[in-house]
Amino acid sequence: MHRHAIKRLLCFAAGSGAAPQLVGRFGLALGAVGCNRSSSAAVAGAALAQPAAAATGLATWRSFSAAADADASHAAAFPAGEPPATEEQVPDQQQEQQQQQEQQQQQGRPRDPQRRRGEPRMPRDPDQERLQACTSADDMRSWRATLEGDGRFYADQLAMLVRALGNNRQGLGDEERRAYLLELLGEAAQGGLPLNGKAAAYLLWAPAKLSLRGSDPEVQAVLPVVFQHIDSMQSNDVTSTLWACGLLGILPSDEAMEQLTSRLQELLPTLKLKELTAAGVGLTRLGMPPSVTLPLVAAFEAKVAEMPDLNSSELERMVRLLPHLPGLNASSPFCTTLFGQLLRKAKQVDLYALTEALWAAGSLKYPLSDGDLQRLLRCIEKRLGENHGVQVQSLLYGLRTLGYRAGQGPVTHEFMEKCMDSQLQALERRGAAGAPQQAAYVLKALNGASTLHAQLPEYQLESMLSLLQAAGLQTLEKPWLAQAAFRRLQYQPGVDALEPFTKYGQRAKRRRSTRGGRQDREEGELPQAEGSSSVPTEAAAAS
């Protein structure tokens, strides 16, 4: 019976003059179930009827109530199934709570924009904090001299120094950073710096971050030194080296490439998703065959299966890799998982990833329904302000490879007009890039719109022709492509403006100039013939 029911019965028995034995038994029952002290009034009332029995029940109730209070306080302090902590266990629990708080802070911490794919992580220490306080390359040299004077400038300190030059959280100028980095590369090539696998990886990672060329003499000189430490590289180091080689356009020797790929396959089970992405970027930029990238694809599939819910940054990095990774097909679990999550999180993904997804869908022949495409295009339209030129270019190429035309399905003419407005604004912002590059950018946009048979308004076509003329029509490597694009877009002024620069126009110009020269020669020869015929006539008359 429930204890509240026992309380009500006890109160009823005490007030109705029930038998003393019955009241005493109810008091015992009340104490056995551990009712609170609010029932003391009922017990006191029962004592009027039978003092001895009620006193026994009241004592029993008090003992059970005290035990119940102790159990309640114990349950509040320790959840169900968790034993009380001993003196040895208390520090462990405090450490676990501290670790949980640190994890929560890390999860809530905003993403560092300075970090890029393939960057190795370095633990923070006092030397690193002093390095981050440097505001110039001279301060960094002083920091290094101090450590060398103390005998503490090892390979890890070199890795911190090179990493600081790549990240540039100190706000140094690009030329200052490049000059000091080239100085360090020269020292490392001559064997004057302590190296390990991590420091060697940074010696290639930093030039890629600073947009140096792989053909620079300092970069070429340090390559043999870097590749000597492949065996001591860990997962971040191997993937960062591959990523840097891909961005710098450095194709390692056969021996070094075999060492890198062998080391990568050894570490594949332990690689994180970001490291896999960095390795994929490097291998695809180096043009590695599917025999090298297929194990990476299998590792991607296994990792994605372990992570059914990817965050937006992970999703963006892998979607950008999809169009370039050989060995993939539309039926791959990696592709189906990524496209499924992309469609669910399309509002959280940036414009570049959305347009690369359409390019990947077209390249892999992934079946996108009109509803899925409409959802992606709606998100793209809202993010057109993020366009820098390459995003809309990928969009136009993706729609073409998917087999769509302007005005077909979700690809409306209004949507195409908004895309080209965004592209024209991006092209105008990039006008300072130089005449040849600007002309190439305009030509790509023009061809992309024309291959989709877009019906662009006249002001957009005039703007494109003006941009081409400002860049210089003579700078176009293939002017007949621009002329053909204007012809498909039915813009005759563009066709006429490019006519003198096309092969057909040049041949016609030569024919016209040749015909005009022949006529001039014929007209010049006519008086000469008349003069030549008059000379014998005069001679004959004189004779």
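Trainee: What classes of residue make up the lining of the largest cavity?

Mentor: Three nonpolar, four polar and two charged residues. Nonpolar here covers Ala, Val, Leu, Ile, Met, Phe, Trp, Tyr, Cys and Pro, charged covers Asp, Glu, Lys and Arg, and the others, Gly among them, are polar. Bear in mind that this is a predicted model: local features need pLDDT of at least 70 and side-chain atom pairs count only at pLDDT 80 or more, while totals for chains, interfaces and linings use all residues. Residues are numbered from 1 along each chain as its sequence is written, and side-chain values use heavy atoms, with hydrogens and water left out.

Trainee: OK, which residues line the largest cavity?

Mentor: Gln128, Leu131, Gln132, Met160, Arg163, Ala164, Asn167, Arg169 and Gln170. Helix 6 (126-132) and helix 8 (155-167) are the elements that give two or more residues to that lining, and helix 8 gives the most, with four. Helices are DSSP runs of H or I, at least four residues, numbered from the N terminus.

Trainee: How much space lies in the largest cavity?

Mentor: About 90 Å³. A cavity is a set of points on a 1 Å grid over the protein atoms alone where a 1.4 Å probe fits but cannot get out, and lining residues have an atom within 4 Å of a point. Points are joined across faces, edges and corners, and the volume is the space filled by probe spheres set on them.

Trainee: How many cavities does the search find?

Mentor: Two of 30 Å³ or more in the whole structure.

Trainee: Are Trp143 and Phe153 buried or exposed?

Mentor: Both are buried, meaning under 20% relative accessible area, with exposed over 50% and partly exposed in between (1.4 Å probe, protein chains only). Then there's Trp359 with Tyr397, edge-to-face because the centres are 5.3 Å apart and the planes at 85 degrees. Trp359 is in helix 18 (residues 351-364) and Tyr397 in helix 20, so the pair ties together parts 38 residues apart in sequence. Trp359 counts as partly exposed at 22% relative accessibility, and Tyr397 is partly exposed at 32%.

Trainee: And helix 20, which of its residues are buried?

Mentor: Gln391, Val392, Ser394, Leu395, Leu396, Gly398 and Leu399. Just after helix 20, Gly403 takes a positive phi of about 90 degrees.

Trainee: Last one: where does Thr502 lie?

Mentor: In the loop between helix 25 (492-498) and helix 26 (503-542). Thr502 counts as buried, at 2% relative accessibility. Pro479 is 23 residues from Thr502 in sequence, but 5.6 Å from it in space, C-alpha to C-alpha.

Technical notes: 1 Å grid on protein atoms, 1.4 Å probe; cavity = no way out; pocket = protein on both sides within 12 Å on 5 of 7 lines; lining within 4 Å. Phe/Tyr/Trp six-rings, centres within 6.5 Å; stacked < 30°, edge-to-face > 60°.
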